[in-house]
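Please keep the sequence and the model in view while reading.

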Amino acid sequence: MLKRINHILPELILEIFVYGIVIQVAGVWFVEDKLFFTIGLWLGIVTAMGMAIHMAVVILDAVNIAIERKAKVRTTLFSALRYVVVVLLFVAVLYFKIGNVIAMFIGVMGLKAAAYLWPFTHKFLKRFKQKGRGDVSTNP
């Protein structure tokens, strides 16, 4: 389903999830309240995944709109809306003391990390898929 929206999206979601696991394993040793940290981190990871999906849908809609000015306005509006929702999520977590806000921020940064690492992981996954099908070529 995600691949129909954008062919990069499934790999990006996977990278965000793996980032969450790495941060969870590394970070849980450095905090006193492990549950509070874990909840904050995974709220951030889920937020990052939601942001990635939302961005892909907005880009797809913008590409399908014939009028360039309308597409630009719509993209700007939905980008602002996405950030307002993220800020409201941070405020809710902070106000209701649901989880660690710093860990949540680190989780949201998983979207950035995944975006920067995507070219490398894509190349790795592409080779892995080729070898899984019996293709012995090493060309990327």
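A crossing of two helices is left-handed if the near helix is turned anticlockwise from the far one by less than a right angle, and right-handed if clockwise. Helices (H or I, at least four residues) and strands (E, at least two) are DSSP runs, numbered from the N terminus. The model discussed here is predicted: local features need pLDDT of at least 70, side-chain atom pairs count only at pLDDT 80 or more, and totals for chains, interfaces and linings use all residues. Residues are numbered from 1 along each chain as its sequence is written, and side-chain values use heavy atoms, with hydrogens and water left out.

Helix α3, residues 34-64, packs against helix α5, residues 101-108, at an angle of about 30 degrees, and their axes are 7 Å apart. Axes are lines fitted to C-alpha atoms, for helices over the stretch in contact, and angles run from 0 to 180 degrees between N-to-C directions. This angle makes α3 roughly parallel to α5 (under 35 degrees; over 145 is roughly antiparallel, 65 to 115 roughly perpendicular and the rest oblique). The crossing of the helices α3 and α5 is right-handed. On the α3 side, the contact (heavy atoms within 4.5 Å) is made by Phe37, Gly40, Leu41, Leu43, Gly44, Ile45, Thr47, Ala48 and Met51, and on the α5 side by Ala103, Met104, Gly107 and Val108.

Glu11 belongs to helix α2, residues 9-27. With a relative accessible area of 11%, Glu11 is buried (under 20%; exposed is over 50%, partly exposed in between, with a 1.4 Å probe and protein chains only). Leaving aside residues up to four places away in sequence, Glu11 touches Trp118, His122, Leu125 and Lys129. From Glu11 to Leu43 there are 32 residues in sequence and 20 Å in space, C-alpha to C-alpha.

Rings of Phe, Tyr and Trp (its six-membered ring) pair if their centres lie within 6.5 Å; planes under 30 degrees apart count as stacked, over 60 as edge-to-face and the rest as tilted. By this rule there are two aromatic pairs. The ring centres of Phe17 and Trp42 are 5.7 Å apart and the planes stand at 55 degrees, so this pair is tilted. Because Phe17 lies in helix α2 and Trp42 in helix α3, the pair ties together parts that are 25 residues apart in sequence. Phe17 is partly exposed at 38% relative accessible area, and Trp42 is partly exposed at 22%. In the pair of Tyr95 and Phe96, the ring centres are 4.9 Å apart and the planes are at 85 degrees, so the pair is edge-to-face. Tyr95 is exposed, with 63% relative accessible area, and Phe96 is exposed, with 56%.
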